[in-house]
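Hi everyone, thanks for coming. Let me put up the structure I'd like to walk you through today.

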Amino acid sequence: MKLRPLGDRVVIKQLEAEEKTKSGIVLPNQAKEKPQEAEVVAVGPGGVVDGKEIKMEVKVGDRVIYSKYAGTEVKVDNEEYIVLRQSDILAIVEQ
C-alpha cells in the first residue's frame with residue numbers, strides 16, 4: 001500500500017530517538033522522548049486554502065522539524081507515519 005497525500009498535506013516518517021545521552025547513559029525505551037525530526041516520504045500537490053494558493057516548499061527526502069502535537073499517526077505495512085499539513089512543519093534541516 002502507498003500513501004498519496006491530498007492538498008497541502010505531507011507524509012513523514014519519524015526518525016529514531018537517541019539511545020544514549022551525551023554523557024553515555026543508555027536510555028530504556030519508555031524513557032526516550034519521541035524526536036520531532038522526521039523525513040518527508042510523500043508530498044501533496046498543494047492547492048488553495050482559505051482563498052490563498054499554497055505552494056509546497058518541502059520535497060520527498062527532506063529532513064524536517066515539526067510541531068510536537070501535529071498530524072495524525074497512521075500505520076501502513078507495519079511502518080508508522082504521520083500525515084500533517086505543511087504549515088505544521090517548522091523548519092527544514094539543512095546539512
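Before anything else, a salt bridge here is a side-chain nitrogen of Lys or Arg within 4 Å of a carboxyl oxygen of Asp or Glu. With that rule, D62 and K59 form one, with their closest N and O atoms 3.1 Å apart.

Quick housekeeping. This is a predicted model, where local features need pLDDT of at least 70, side-chain atom pairs count only at pLDDT 80 or more, and totals for chains, interfaces and linings use all residues. Residues are numbered from 1 along each chain as its sequence is written, and side-chain values use heavy atoms, leaving out hydrogens and water.

Okay, the fold: eight strands and zero helices. Those are DSSP runs numbered from the N terminus, with helices being H or I of at least four residues and strands E of at least two.

Back to our pair. D62 is buried at 10% relative accessible area, while K59 is exposed at 54%. Buried means under 20%, exposed over 50%, and partly exposed in between, using a 1.4 Å probe and protein chains only.

By the salt-bridge rule there are four in total. Another is K13 with E79, at 2.4 Å from N to O. That one joins strand β1 to strand β7, 66 residues apart. Then E37 meets R63 at 2.8 Å, tying strand β2 to strand β5 across 26 residues of sequence.

So what does V58 touch, beyond its neighbours within four places in sequence? Counting heavy atoms within 4.5 Å as contact, V58 reaches V10, V40, V43, V64, Q86, I89 and I92.
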